[in-house]
Amino acid sequence: MIIKVEHLTKYYQVHQKEPGLSGSLKSLFNRKYFDSKAVDDISFSISEGELIGFIGPNGAGKTTTLKCLSGLLYPTSGKVEVLGYTPFERKHPFLKQISLVMGQKNQLWWDLPAIDSFLLNKEIYEITDTVYKKTLDELVQLLEVEDILQVQVRKLSLGQRMKCELIAALIHNPKILFLDEPTIGLDVVMQQKLRDFIKEYNKRYNATILLTSHYMKDVEQLCERVIIIDHGKILYDGKLEDIVKKYVKNKTLSIVFAKPVAIEKIEKLGKVLEIEGPKVTLSVPREKSNHVASKLLEEFSVEDLNIEEANIEEIIRDVFSKHKS
Amino acid sequence: MRYVRIFLLHTQEVFEERSRLTVWFLLSWITPLVLILFWRGAKNLGGWTIQEIASYYLLVITMGVFLMSHHEEIIAIRDIQEGGLTAYLLKPFSYFWIRFFSEISYRFVQGAIGFLIFFLLIQFFPSYFVFTRSPLILILSIVIILLSLFLVFVFKSIMGILAFWLTDARGAFEAMGVILMMFAGYLMPLAFFPMWIQSFVYYLPFPYMIYFPVIAFEGKLTDVQLFKVIGVEIVWIVTFCILFKKMWHRGVKKYTGIGQ
Amino acid sequence: MKTLIRYLKVYRTILRLNLVQLFTYRVNLINSIIGHTVWAAFIIISMLLLTSRTSSVFGWTRNELLILAGTYNIILSIFYFLFSRNFNEFSNTIHYGKLDALITKPIDIQFLMTCMYVSYTHVIRFILGVGFVIFILNQMHMVFTIVTFLWFILFLVLSIVILYSIWLLVMTITIWHTKLSNLADLLYEGHSVSKYPQEIFKGASWPVYFILFPLTLIVTIPTKVLLQKMLLGDIFWPIIFAIGLFGISRRFWKFALRYYTSASG
């Protein structure tokens, strides 16, 4: 296990203030404090080479967890062990093996070409010339950025800048990579390119990658395992496809019949959701779906038949709303 | 311990909002106070008493916040360089007067604060404040002060629209800051300057921005001198207004020609 | 020793990056040079004006006061060259979360925070300062020995350390109050205290004197060395303040950083 988290809790102390002047005055004399539980007693562990997605709404505790793991934040309680180190001690040998990329915060020098910023990281991480050259070449090739390395960062597009940020963050070959919203603000094509890169990087170097994202697509395409967090608690930790089994009991079949059929016959096979001319939408228990489908094909003249896998984004939205109520 | 914490948090809150202003306020007092200390050690004060010198510096600060506008950076950076001017050019008002009235409201608020400080200081250190008690001089001083306000405004507006021609006006602004520091009277009363400097400096516009309003208010000028100051101020204001108009027309042509 | 070499290597790269940056914007470069020259000149001219009607102030002759102003230019230019831009950026670095990126680097954070940016253009002010001081010393027919020179360098270094520590001590407050970016302006203004003879503050009320004391040392003592007026008692205060303030400021910075990592969101 490369990362072990046991009962991690992180509270922020905030004070409640009523609006307006009278509220300010009141709070001056009688202030109510409450602990905002950013992360509330979570435990999980991650083994080497895993690519894990953290999902959850804004303020769910994703970024806080990442910050605790990378040593940026001191936990309120609980035990965190990463690579055998306690992150918040920020021992240099530990920091040399990790990297944290935050989508909207940059470490590159604005007025210089990206390549110059890499050089500074080379010295800070004490990378030898040969290793530096080799790593840089590989990353540049993977991200296809040969022609923009010499361009002032200020003049790059957001996507190009993000690619360079990634190189800066990976130049020291970190064992663990923390990515906080890496695709935020990028256009669809660039998002896809970054996803491909993250996947390839994970495979090629067996690097452990933890990423948080708003975009379900990021997680869907990249991560076998997801951890769903809301209100500082883990709602789900496991394989992405299992989430479907766990939360979705039914599958949806949509059929287009060649000839008109008697609805009563179809109603026996499952719950009819919608009838629209020759098109019928049917909901059936997921374990029976194949059986029902073949039966439909046998007994009716069917022009088209689709078994629709439930949309993961919808399922997760569903999970969150259930959790709230 | 808990109460200490609560106390600290409360001070923090009060602190947070006023703190920026407090820092600016503190900052403006450092140099004048050090200079007052400096003059205590000087052998020859050119006929001024140490009280007069002290009150000179205190007046420079309190009157300075009223008189010295800082809109040149708004004009140069926000409006000309970053293109905010375009929106103003589309409006049926004169840009000059829009800037004037938005700046003047700041000046009056700050001036009120300056006046309050001045008033409080008189209560505590009456002997350190030398100012005129003659109604005629007082009225003339007020005229001088109001003219100075406008003079500074026009001058700073000209500095601001230099940005039509300079890609980065920082160097020019620094030079201006230093010139004002010396010749507007921030550093020391111009009466202490060597004679050869005094012989030309009074023809420049800078002494009329801070120095003359202050010493007029102190009662250090005769009636004739007061009228002379008013005359010179008017001459400079007219000159600057004409200059501004000419520069403005050329600048706007250049600005719209490039098409920001 | 190994660590020292490593930090020197990092600093070499920092110097290089800053040099590249310097030549990126020519207009900027020209403006900075104009600005620094104007200020260097102002320091000297204002001292000339202040002393134009008086032969001595608190026992300092006019030429001596001019040396004081020149030394002020020298010391400040070194400090500005090495550090001031970093402190200007302090509240921005914290406010916009760039500190997060620095914290995860395997290197001393204080080093990165205070040494990352170099302002080469202040060299102009340094040269002007040195030239002016030598000129006036010559006019006064002062002998300038190697011993004087070494003492001067020693106190110069101590003065820079004192200045650095004061800045760090004050700017660290921005960890709690990121909006207080104008603390930097307060400190710039505070410097000006040091270009006057230490003696002028003796009459001030003791809390003022106490707070300003380290600032009054940083230029006065090196100047006394140049004028060969240094007394034995003058040696100790700079050393004590340099060591003491550096230690305190580093501790305060680490304390603030602990707060940052336990409270920030």
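I began just past helix α6 of chain C, where C:His141 takes a positive phi of about 55 degrees; helices here are DSSP runs of H or I with at least four residues, strands are runs of E with at least two, and both are numbered from the N terminus. I note that this is a predicted model, in which local features need pLDDT of at least 70 and side-chain atom pairs count only at pLDDT 80 or more, while totals for chains, interfaces and linings use all residues. Residues are numbered from 1 along each chain as its sequence is written, and chains are lettered from A and ligands numbered from 1 in the order in which they are written.

**Helix α6 of chain C**

I checked the length of α6(C), residues 123-139: at 1.5 Å a residue its 17 residues should span 24 Å, and its end C-alpha atoms are 24 Å apart, so the two agree; the expected span is 1.5 Å times one less than the number of residues. Which residues of α6(C) are buried? I found C:Arg125, C:Leu128, C:Gly129, C:Phe132, C:Val133 and C:Ile136, where buried means 20 or more other C-beta atoms within 10 Å of the residue's own, exposed means 12 or fewer, and partly exposed lies in between, with C-beta atoms placed from the backbone. These residues cover an arc of only 125 degrees around the axis, which puts them on the same side of α6(C); the arc is taken from the directions from the helix axis to the C-beta atoms. On the face turned away from that buried side I noted the exposed residues C:Gly131 and C:Asn138. The cover over the buried residues of α6(C) includes α2 (26-50), α3 and α9 (206-226) of chain C.

**Chain C as a whole**

I counted ten helices and two strands in chain C, and buried residues make up 40% of its 265 residues. The C-alpha trace of chain C spans about 60 × 45 × 40 Å along its principal axes.

**Where chain A meets chain C**

I then looked at the interface, where 25 residues of chain A are in contact with 22 residues of chain C, contact meaning that C-beta atoms, placed from the backbone, lie within 7 Å. On the side of chain A that touches chain C, α3 (92-95), β5 (98-102) and α4 (114-124) of chain A each supply at least two residues, and the largest share, five residues, comes from α4(A).

Terms used:
Contact = placed C-beta atoms within 7 Å.
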